[in-house]
Amino acid sequence: MDQPTVGILHPGSMGAAVAACAATNAAEVLWCETGRSTASMERAARFGLAPVASLTELLDRSNIVISLCPPAAAEDLARDVARHHFAGLYVEANAISPERTKRIAALLESDATVVDGGVVGSPPVGGKTPTLYLSGPDDATVSLEALFADTAVRTAVLGAEVGKASALKLSYASFQKTSRVLVALAVGMAREHGVDQELIEVASRRTDSYLSEPQYVAKTAARAWRWGPELEEAAETLAAAGLPPEMLRAAASTLARWNDAKDDSSLTLADALDRLAQP
């Protein structure tokens, strides 16, 4: 489609930045401001997104809708879209299990075309270039490749089967996010015994070790409210595959200790470790 109108549900740190990239090749990028926080409004304005008053208006005007929200809200949001009989292209880009993605596709497929999406990498700002993995009908994935052409969001098509992009996203997240949790636990243990600096020195000899980046623990704490639900989804995916889910569920439980640090950019390593030690 030529110069589509795009709707973003909802403009969080990733969603707003991805939507801003889509604006390069779109006629307009819309978001629904009703019921959203001041932070969301400020973020949407910063990225140049156009506000609309209702979900109905967004869906009526959009050719493509991209869903990027906390994992727990993905299915309810899809139900809201289904009730409005949205008939365009719906990109389910949340960090959810392949099974949940397929349920969402079933909810929408009588009216809409559904593409499974998974964003791997940091939000596309400050030189970051995440990849949006896609799986779904060929003509739909071609449209999305065109939407993000020559932007900071790379696209990669995994095939026509809905669920593949979600599986790749959660497979990567299960390693990357759990590894960050293990760093926090290792540094916290070392600090308790007064050898945290020595631990970091040992780890720094291995440049490929997350343990050599303890400063990232504070960022992990600030993102825990999002990462924990992603790991719960990944645990369900492991269980469905007959693989043991306990490690990821334990990591999600650890992340839950940081839920009150949501998006707190002022946290230090010491702050994060102190919060982790308080159940």
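Leaving aside neighbours within four places in sequence, R100 is in contact (heavy atoms within 4.5 Å) with P71, A72, E75 and E233. This is a predicted model, in which local features need pLDDT of at least 70, side-chain atom pairs count only at pLDDT 80 or more, and totals for chains, interfaces and linings use all residues. Residues are numbered from 1 along each chain as its sequence is written, and side-chain values use heavy atoms, with hydrogens and water left out.

Let us stay with R100 for a moment. R100 sits in helix α5; helices (H or I, at least four residues) and strands (E, at least two) are DSSP runs, numbered from the N terminus. With a relative accessibility of 18%, R100 counts as buried. Here buried means under 20% relative accessible area, exposed over 50%, and partly exposed in between, using a 1.4 Å probe and protein chains only.

The arc is that of the directions from the helix axis to the C-beta atoms.

Helix α6 (residues 138-147) can be read in a similar way. Its buried residues are A140, T141, S143, L144 and L147, and they cover an arc of only 155 degrees around the axis, which puts them on the same side of α6. On the other side of α6, D138, D139 and V142 are exposed.

Next come pairs of helices. Two packed helices are described by the angle between their axes and the distance between the axes. The axes of α9 and α11 (residues 269-276) come within 8 Å and cross at roughly 55 degrees; axes are lines fitted to C-alpha atoms, for helices over the stretch in contact, and angles run from 0 to 180 degrees between N-to-C directions. The two helices, α9 and α11, are therefore oblique to each other. Angles under 35 degrees count as roughly parallel, over 145 as roughly antiparallel, 65 to 115 as roughly perpendicular and the rest as oblique. V217, A218 and A221 of α9 meet L269, A272 and L273 of α11 in this contact.

Helix α11 also packs with α7, at an angle of about 90 degrees and with the axes 10 Å apart. That makes α7 roughly perpendicular to α11. On the α7 side the contact is made by A184, L185, V187, G188 and R191, and on the α11 side by A270, L273, D274 and L276.

At 0% relative accessibility, A16 counts as buried. Not counting residues up to four places away in sequence, A16 touches P11, R43, F47 and L49.

Finally, some backbone details. Most residues other than glycine have a negative phi, and most peptide bonds are trans. A cis peptide bond, with omega about -5 degrees, joins L9 and H10, and H10 is in the loop between β1 (5-9) and α1. Q3, in the segment before β1, has a positive phi of about 50 degrees although it is not a glycine. H85 is not a glycine and has a positive phi of about 55 degrees; H85 belongs to the loop between α4 and β5. Is H85 buried or exposed? At 55% relative accessibility, H85 counts as exposed.
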